[in-house]
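Subject: Structure for you to look at

Hi,

Here is the structure I promised to pass on. Please open it next to this email and follow along.

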Amino acid sequence: MLLVASERQVCVTDECCVQLVAIADLPSRFGEFQIAGFVSPCDGKEHTAIIKGDIVGKEGVVTRVHSECLTGDVMGSQRCDCRDQLLESLKIIEKGGEGALLYLRQEGRNIGLTEKIKAYALQDQGLDTIDANIHLGYKPDERDYGIAANILKNLQVKSIKLLTNNPEKIRQLSDAGITIVERLPLIVEPTQYSKAYIETKARRSGHLFGEFADTHDIDEIQSINPDELS
Ligand SMILES: [Zn+2]
């Protein structure tokens with residue numbers, strides 16, 4: 001059974017509740033998908049999920065939770081690995097015949113596009129991606145995956161296999177009640193421009209590269225001491 005818009009979750013309290021507004025077919029260069037549109041009173045933004053196959057009520061649905069990156073996803077910037085991760089995720093989901101990619105409107109680790117460009121300018125002067133955000137008055141990562149958890153509940157998946165290198169994403173989704181049965185690594189080759197950015201993610205944000213690049217077990221990932229990653 002494919003998801004239909006009439007199955008939208010109805011908000012019954014004043015709590016943050018993401019609403020499924022519309023679903024349509026989305027034939028793409030990667031294959032046949034559905035696209036679901038959500039509005040979120042939590043942040044006032046419109047989020048989407050691209051869905052392959054019948055995921056309603058399923059266990060272990062291959063899932064990517066991707067945050068918007070206009071410069072990478074659309075313009076092909078090589079300062080980051082976002083576009084490669086996006087395209088690789090869609091290929092993996094298409095190949096497996098079933099899955100979902102959530103596209104969250106959290107540009108620039110949720111500081112917004114122009115603020116991200118400011119951070120890029122600071123990086124051009126020698127700051128790394130974390131220090132640039134701190135210099136601008138932000139946390140290193142302002143993203144909130146509670147919205148993703150709410151979307152997944154709307155999509156009625158029972159549990160997921162999460163395509164990610166980011167243990168913080170695993171932690172937040174688990175805390176929000178999402179059952180993650182496995183972590184699927186998402187490794188893309190760094191370019192000469194993205195190398196430093198990816199190394200910073202590994203060294204300062206605990207992203208799973210090097211020794212833990214192929215670790216699939218969620219409990220093992222959650223028990224990693226961040227100091228071991230540096
Ligand atoms: Zn990016």
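In which sense do strand β1 and strand β2 pair, and over how many bridges? They pair in the antiparallel sense, over nine bridges. Strand β1 covers residues 19–28, and strand β2 covers residues 31–40. Keep in mind that this is a predicted model.

Start with that pair. Two residues lie between β1 and β2, and the two strands form a hairpin. For a landmark, find D25: its bridge partner in β2 is Q34.

Now move on to strand β3, residues 45–52. It runs antiparallel to β2, and seven bridges join the two. Here G37 has T48 in β3 as its bridge partner. β2 and β3 also form a hairpin, with four residues between them. Look at G44 in that turn: its phi is positive, about 70 degrees.

A reminder on strands in general. Strands of a sheet pair through backbone hydrogen bonds, and the pairing is either parallel or antiparallel.

Seven strands form an open sheet. Their order is β1-β2-β3-β5-β4-β6-β7, and the pairing is mixed. β1 and β7 (180–184) are the edge strands, each pairing on one side only. From one strand to the next, the twist averages 25 degrees.

For a parallel pair, go to β4 (residues 61–67) and β6 (residues 160–163). Three bridges join them. T63 has L162 in β6 as its bridge partner.

Helices pack on this sheet too. Helix α2 (residues 82–96) touches β2, β3, β4, β5 (99–104) and β6. Its direction makes about 165 degrees with that of β4. Helix α7 (residues 167–175) touches β4, β6 and β7. The direction of α7 makes about 165 degrees with that of β7.

The core

Which residues touch the most other members of the largest nonpolar core? They are A49, A100, L102, A148 and I151, in a core of 39 residues. The elements that give two or more residues to this core are β2, β3, β4, α2, β5, α6, β6 and α7.

Take A148 as one example. It is found in helix α6 (residues 146–154). Is A148 buried or exposed? A residue counts as buried if 20 or more other C-beta atoms lie within 10 Å of its own. A148 has 26 within 10 Å, so it is buried. Leaving out residues up to four places away in sequence, A148 touches V65, L102, L104 and L173. Also compare A148 with Q172: they are 24 residues apart along the chain, and their C-alpha atoms are separated by 9.6 Å.

A100 is another one to click on. With residues up to four places away in sequence not counted, A100 touches A49, I50, I51, I55, V61, T63 and L155.

The chain overall

The protein chain has nine helices and seven strands. Its radius of gyration is 17 Å, close to the 17 Å that the globule rule gives for 230 residues, so the chain is as compact as a globular protein of that length. The C-alpha atoms fill a box of roughly 50 × 35 × 35 Å, taken along the principal axes. Of the 230 residues, 33% count as buried. Now take the contacts between residues at least 6 apart in sequence: 62% of them join residues at least 24 apart.

Best wishes

Methods:
Residues are numbered from 1 along each chain as its sequence is written. This is a predicted model: local features need pLDDT of at least 70, side-chain atom pairs count only at pLDDT 80 or more; totals for chains, interfaces and linings use all residues. Two strands pair if DSSP finds at least two bridges between them. The radius of gyration is taken over C-alpha atoms; the globule rule is 2.2 Å times the number of residues to the power 0.38. A residue is buried if 20 or more other C-beta atoms lie within 10 Å of its own, exposed if 12 or fewer, and partly exposed in between; C-beta atoms are placed from the backbone. Two residues are in contact if their C-beta atoms, placed from the backbone, lie within 7 Å. Axes are lines fitted to C-alpha atoms, for helices over the stretch in contact, and angles run from 0 to 180 degrees between N-to-C directions. A nonpolar core is a set of buried Ala, Val, Leu, Ile, Met, Phe, Trp, Tyr and Cys residues joined through C-beta atoms within 7 Å.
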